[in-house]
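Student: Hi! I'm new to this one, could you walk me through how some of its helices pack?
Tutor: Happy to, let's open it up.

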Amino acid sequence: MSSTPIKVLFSAGDAAWPAYRKALPAAFAQHDLDVDLARDHAPGTVDYIVAAPNGPVRDFTPYTRCKAVLNLWAGVEDIAPNRTLTQPLARMVDPGLTAGMVEWVVTHTLRHHMGIDLHIHGQDGQWRDHVPPLAQDRPVTILGLGELGTACARALAQLGFPVTGWSRTAKTIDKVTFLSGDKGLTPALRDAQIVVLLLPLTDATKNILNAETLALLADGAFVINPGRGPLLDDDALLTALDRNIAHATLDVFRTEPLPANHPFWAHPQVTVTPHIASATRPETSALCIADNIARGEAGRPFAHLVDRARGY
């Protein structure tokens, strides 16, 4: 352990500070780390930065002693391209965040699979004898197989859904059919009945669901997007809802909060949730941050480093 306190700078929005001011010291204590946590350390004295994209630090150049930047959010697309960021960047992989995403995705997948909306909105005295198919007859495609996508794929496969996963590079997941690269995208989407978007946002993934790719989905398909708003072409989706898409459940948007006059709010085939699918929880994310600082202080590799040369 260092003879002087480890200086950790907390760079996030004001609303996050009260919870992390309590959670982080408790996590540091579990690793026997002597940490001076503050929001106003002089740049040249900082050993680690706990950063969120909405935090005050935008220029990382003065942080010459900083050993690593520890991202507070799961997504890194808002911080990784920063040209002043030369320090190692670690993404947040939080068990609480993963569990929240799995629960949200499974909930809405089962909701659409079972036709729950038909009964929620059908309390009018009419007996509707709709019988849904079994999970084994409902193909689900997940675009994006990072930590969150992989966890969701495993959970849905465990429930009996035929799951196809697609990502940029090849992976192997038990009970999941895997496709990758440009050649794999069309077969991954063709005739899918439920599509879940969990890709990172890059130039290659922006508008990955567009007029052409939405047309590949089965008639009556469902789109679920808890990933990133710009993965989906809004106008193309609105058109597809009149053609082959039965419903879209969206948790993320190009502009947040979603403007009150956006057509998604009033569309009968769209469900809007306010970016709640997976939230970083201070108690569990603080443990991840403390673990990475302990790694750095012990000279061990940081966990979940972002390879910015390969994209993010």
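Student: At what angle do helix α1 and helix α9 pack, and how far apart are their axes?
Tutor: Keep in mind that this is a predicted model. In it, α1 (residues 17-30) and α9 (residues 282-297) pack at about 45°, with their axes 8 Å apart. The two are therefore oblique to each other, and the crossing is right-handed.

Student: Which residues in α1 and α9 meet?
Tutor: From α1, they include A19, Y20, A23 and L24. Among those from α9 are A286, L287, I289 and I293. By class, this contact has 12 nonpolar, two polar and one charged residues.

Student: Switching to α4, what span should it have at 1.5 Å a residue?
Tutor: Helix α4 covers residues 147-158, so its 12 residues should span 16 Å. Its end C-alpha atoms are 17 Å apart, which agrees.

Student: And what do the buried residues of α4 pack against?
Tutor: They pack against α2 (95-114) and the strands β6 (140-143), β7 (163-167) and β8 (176-180). Those buried residues include L148, A151, C152 and L156.

Student: How do α2 and α4 pack?
Tutor: Their angle is about 45° and their axes are 9 Å apart. That makes α2 oblique to α4, and their crossing is right-handed. Among the residues that meet are M101 and V105 in α2, and L148 and C152 in α4. This contact has 10 nonpolar, two polar and one charged residues.

Student: What comes just after α4?
Tutor: There you'll find G160, which takes a positive phi of about 105°.

Methods: Residues are numbered from 1 along each chain as its sequence is written. This is a predicted model: local features need pLDDT of at least 70, side-chain atom pairs count only at pLDDT 80 or more; totals for chains, interfaces and linings use all residues. Side-chain values use heavy atoms; hydrogens and water are left out. Helices (H or I, at least four residues) and strands (E, at least two) are DSSP runs, numbered from the N terminus. The expected span of a helix is 1.5 Å times one less than its number of residues. Buried means under 20% relative accessible area, exposed over 50%, partly exposed in between (1.4 Å probe, protein chains only). Contact means heavy atoms within 4.5 Å. Axes are lines fitted to C-alpha atoms, for helices over the stretch in contact, and angles run from 0 to 180 degrees between N-to-C directions. Angles under 35 degrees count as roughly parallel, over 145 as roughly antiparallel, 65 to 115 as roughly perpendicular and the rest as oblique. A crossing is left-handed if the near helix is turned anticlockwise from the far one by less than a right angle, and right-handed if clockwise. Ala, Val, Leu, Ile, Met, Phe, Trp, Tyr, Cys and Pro count as nonpolar, Asp, Glu, Lys and Arg as charged, and the others, Gly among them, as polar.
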